[in-house]
Amino acid sequence: MTGFFWLGIIVLPLLSALLLLDAGKRWRPLIWLAPLPALGLAWFPLEVLRVDFLWPGARWGVEDDLARNWLGFTALLWLGAGLYAWQNHKDDPHAPRFQAFWLLTLTGNLLLLIALDGISFYVGFTLMSISAYGLIIHKGGPGPIQAGRLYVQLAILGEMLIYAALMLRIQEAEGSLLLSDWQQSPISPLTASLLLVGFGIKAGFFPLHIWLPLAHPAAPPAASAVLSGAMIKAGILGLWRFLPEADANLANWSPWLIALGLVSAFYGVALGLLQTRVKTALAYSSISQIGYLLVILGLALGTVHDVSPWPAALALFGVHHGLAKGALFMGAGLAMTVKLPRSAWVLMTLPALALAGLPLTGGAIAKTALKTGVYDSDLTMLITLLSLGSLTTTLLVIRIMVLMRQANEAIANHNRMPRAYWCSWGLLSLTPLLLPWLWPVFIDNRSKALAADALWDQMSPILLAFILYGIVSRLMAGKTLPDPGLGLSRWISLRLKKGLQPAKPATSPPAEPARALPPLGTRWQKQTDSVTLASALLAALLLLLIGWLV
């Protein structure tokens, strides 16, 4: 019976969303606590729950360390971002709408993490992906609407590809829905290709990244934090769960995935350095960092070791990047709204430099674990590229900190930063220093990262990057950086939108005399005129959930 606690992870945020309809203001301050049960079960997992009343073979729980770590950092990030969002939207008249989409997105994110069968993973992934549209367009205006349109177009395309691959995967596994059985079943090149593109759209690695630089500047800071810190990683986790690690055919894909991951890693830095808006630069940083997760996936598919080091490496990178990047996006939001004290800037540098592998942080342990695994493989040439990656990542985070500083200097608000921000963003900013001493997977892997030669290996690219940035800054003083833009992706998205709209008649027929509507009809017309696509999506998602339960 203890397995029913897994059901509470899903029911609690859904119930909270329903309570918003009746007593929004009374429940708003407590919304951020919805991921708390998930955090508890990540540390103290219980027996697997069979939910056959949904569909045959449905199973929820966590069965390996990767799932526990992924659930733990995701719940912790949603907790911190939720508290931040409550403070940030305290006076927002549309806060209940934002929180409703927030809770639906959270539900989908948690469901896919505890899913042990393919259908549960797909339902959670779809709920998360579609609900996130409401978070991206929340501010309204041309920018968020454009970003939301491109996002939802690609999200629906990704869902279609994953659904097709899901059906093929079930057939290949002889009807089994369990992800554990899929790990033992061969996969066809067609199925693998569909999964790579479908999940790759959500992960946002090159060249499937085009929605990310638009979505992050448009979304509120808390939404950007969970979007980058937790949701895009669901694409990598989906590939990890759906692709069999020991498949001989996929071993041939390994070099190509590694190469694609490295291209994404360096491409994200190159484009990020050209940005003049901090959240756009952070978006390109996410594209770069997700490239390293793709490298780990490629190494895992090509491994020949009986005991693979890559699940631990993936867990380390997921936890470290998720919390650090979430803190940076929330910090960017603060830098653009309130004058930050010196102590806040000190905190801001911790997650920034942790991304580059600053010694004694979770980032250093993650990068050392990756290099150690590469040393044990036949691809030692990657060590040089990974060291170069640390240097380029440092260049990008310096650029991000400079942009934050410039944005903050233009702020006239000298009010003290609210306590809720210190408790959410401040604590998340400290996690890079706390992970090596409090998080089990980091404790198990920290010894090699604390060796003297490893400390110099971690620090030397960072020092060199600061020197290079100083030199380039002097040479580029007074010069304007070229704007890479996103004109092509905007143009394609707009053309697709126009192509799907019904054609308008060339000439309008003569207008008929206006007829008076009864009062009820007038009110209904006003209501329907104000219904947005976000509201329609919310209704569709609720109907989908009801359909699964009936």
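Which side chain makes a polar contact of 2.7 Å with the side chain of D92? That partner is H138. The model behind this report is a predicted one.

## The chain as a whole

The chain has 550 residues, and 55% of them count as buried. Its secondary structure comes to 24 helices and two strands.

## D92, a buried charge

D92 sits in the loop between helix 3 and helix 4. Helix 4 covers residues 95–114. D92 is buried, yet it has no salt bridge. The nearest side chain of opposite charge belongs to R97, 6.2 Å away.

Two histidines meet the D92 side chain instead. H89 makes a polar contact with it at 3.2 Å, side chain to side chain. The polar contact with the side chain of H138 is 2.7 Å. Leaving out residues up to four places away in sequence, D92 touches R28 and H138.

## N69 in helix 3

Helix 3 runs over residues 65–88, and N69 is part of it. Is N69 buried or exposed? N69 has a relative accessible area of 9%, and the limit for buried is under 20%, so N69 is buried.

Which residues does N69 touch, not counting those up to four places away in sequence? They are A315, V319, W439 and V441.

## Helix 6 and the residue after it

Helix 6 spans residues 142–172, a run of 31 residues. From its first C-alpha to its last, helix 6 reaches 45 Å. That is close to the 45 Å expected at 1.5 Å a residue. Just after helix 6 comes E174, which takes a positive phi of about 60 degrees.

## The nonpolar cores

The largest nonpolar core holds 172 residues. Which of its members touch the most other members? They are W211, M404 and W425. Helix 15, residues 310–335, gives the most to this core, with 16 residues. Another core lies apart from it and has five residues, among them L391, I398, A465 and Y469.

W425 shows what such a position looks like. Its neighbours within four places in sequence are left aside here.

Methods
Residues are numbered from 1 along each chain as its sequence is written. This is a predicted model: local features need pLDDT of at least 70, side-chain atom pairs count only at pLDDT 80 or more; totals for chains, interfaces and linings use all residues. Side-chain values use heavy atoms; hydrogens and water are left out. Helices (H or I, at least four residues) and strands (E, at least two) are DSSP runs, numbered from the N terminus. Buried means under 20% relative accessible area, exposed over 50%, partly exposed in between (1.4 Å probe, protein chains only). Contact means heavy atoms within 4.5 Å. The expected span of a helix is 1.5 Å times one less than its number of residues. A nonpolar core is a set of buried Ala, Val, Leu, Ile, Met, Phe, Trp, Tyr and Cys residues joined through side-chain atoms within 4.5 Å. Lys and Arg count as positive and Asp and Glu as negative; His and the chain ends are not counted. A salt bridge is a side-chain nitrogen of Lys or Arg within 4 Å of a carboxyl oxygen of Asp or Glu. A polar contact is a pair of N or O atoms within 3.5 Å; within protein, one must be able to donate a hydrogen and the other to accept it, and residues adjacent in sequence count only if both atoms are side-chain atoms.
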